[in-house]
Amino acid sequence: MKKIGLFGGTFNPPHFGHLLFAQEVLVTFELDEIWFIPVNVPPHKKSDDLASNEDRVDMLVEALKNNEHFHVSTIELERKGPSYTIDTVKQLKQIYTDYQFYFLIGGDMIDYLPKWYRIEELMKLVTFIGVERPGTTIKDSLYSDQVKLIKMIQVDFSSSLIRKRVEEGKPITYMVPTEVELMVKERSLYEPRTSIGKGKTSPY
C-alpha cells in the first residue's frame with residue numbers, strides 16, 4: 001500500500017517553506033510521495049492577486065522537478081468550482097483504492113479545522129499532519145488529538161510576503177527556487193499594474 005501525502009494550497013507562488021515542509025513530512029512519516037494540489041477557487045481566501053492556474057501549475061512543476069517523490073496533481077483545477085478537500089479526497093480514494101492518504105496542513109490551519117466543510121467525514125478518510133509552530137494553540141484545538149504533529153525549522157515568510165516583495169521591486173532570491181524566480185520575472189507575475197510609467201524599477 002502506497003502512503004501518499006496530499007499538500008493543497010494556492011502555491012501563489014510556491015516557495016522553499018512549502019518544499020521544506022513536504023520534505024520533512026515525507027521523511028518523518030516514511031511516505032512514498034507528496035502530491036502538491038493547487039486549488040482552483042480557495043473557499044477561505046480572496047483570489048484577487050491569484051496567478052492563473054497555468055502559471056501556478058508551471059511554477060510548481062519547475063519547483064518540484066528535481067525531487068522524484070514530489071508530484072503535481074491538477075485534480076482540483078480539472079474539477080472546477082470551489083476546492084473543498086472532502087471532494088478531492090473522496091475522488092482520489094475512488095481512483096486509488098489501495099492507497100493510504102495523509103493531508104498536510106500548516107500550524108495556523110489546525111485551529112481552523114472545525115470550520116472545514118464536512119470535517120467529521122473528512123477525518124475518517126485521511127490522517128492530518130500539521131507543522132507545530134510557535135504560538136499555535138494545538139492543545140486547545142477541537143481536533144488536536146487527530147492531527148499528527150511535526151517539528152521543523154521555521155521558515156518565516158509566506159507566498160503573500162513574496163508577492164508583496166515583487167510588487168515593491170524587492171528581490172525574492174533565496175526565498176523561491178531559481179526556476180520559480182525566473183518564471184515570475186519572465187511572465188511579469190505579481191507586478192503592480194500601475195507601476196508602468198511611474199518611474200518604478202523592478203528586477204521582475
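**Salt bridges, sheet and aromatic pairs**

Let me start at arginine 118. At 34% relative accessibility, this residue counts as partly exposed. One caution: the model is predicted. The side chain of arginine 118 meets glutamate 121 in a salt bridge, 2.9 Å from N to O. Glutamate 121 is partly exposed too, with a relative accessible area of 30%.

How many salt bridges turn up in the whole structure? The search finds 9. One of them joins arginine 187 to aspartate 58, with the closest N and O atoms 2.9 Å apart. Arginine 187 lies in the segment after α8, and aspartate 58 sits in helix α2, so this pair ties together parts that are 129 residues apart in sequence. Both ends are partly exposed: arginine 187 has a relative accessible area of 35%, and aspartate 58 has 23%.

Another bridge links lysine 170 and glutamate 168, at 3.2 Å from N to O. Lysine 170 comes out at 38% relative accessibility, partly exposed. Glutamate 168 is at 41%, also partly exposed. There is a network as well: shared partners join Asp55, Asp58 and Arg187.

Now the sheet. It is open, with 6 strands in the order β3-β2-β1-β4-β5-β6, and the pairing is parallel. Which strands stand at the edges? They are β3, residues 70-72, and β6, residues 147-150. Each has a single partner strand, so one side of each is left without a neighbour in the sheet. From one strand to the next, the twist averages 30°.

Helix α1, residues 16-28, lies across β1 through to β6 and runs at about 145° to β2. Its 13 residues should span 18 Å, and the end C-alpha atoms are 18 Å apart, which agrees. Several α1 residues are buried, including Leu19, Leu20, Phe21 and Val25. After the helix comes glutamate 30, with a positive phi near 55°.

Last, the aromatics. The whole structure holds 14 aromatic pairs. Tryptophan 35 and phenylalanine 101 make one, edge-to-face, 5.9 Å centre to centre, with 65° between the planes. Tryptophan 35 is in β2 and phenylalanine 101 in β4, so the pair ties together parts 66 residues apart in sequence. Both residues are buried. Phe21, the buried α1 residue, also belongs to an aromatic cluster with Phe7, Phe11, Phe36 and Phe70.

Note on methods: Residues are numbered from 1 along each chain as its sequence is written. This is a predicted model: local features need pLDDT of at least 70, side-chain atom pairs count only at pLDDT 80 or more; totals for chains, interfaces and linings use all residues. Side-chain values use heavy atoms; hydrogens and water are left out. Two strands pair if DSSP finds at least two bridges between them. Helices (H or I, at least four residues) and strands (E, at least two) are DSSP runs, numbered from the N terminus. Axes are lines fitted to C-alpha atoms, for helices over the stretch in contact, and angles run from 0 to 180 degrees between N-to-C directions. Contact means heavy atoms within 4.5 Å. The expected span of a helix is 1.5 Å times one less than its number of residues. Buried means under 20% relative accessible area, exposed over 50%, partly exposed in between (1.4 Å probe, protein chains only). Rings of Phe, Tyr and Trp (its six-membered ring) pair if their centres lie within 6.5 Å; planes under 30 degrees apart count as stacked, over 60 as edge-to-face and the rest as tilted. A salt bridge is a side-chain nitrogen of Lys or Arg within 4 Å of a carboxyl oxygen of Asp or Glu.
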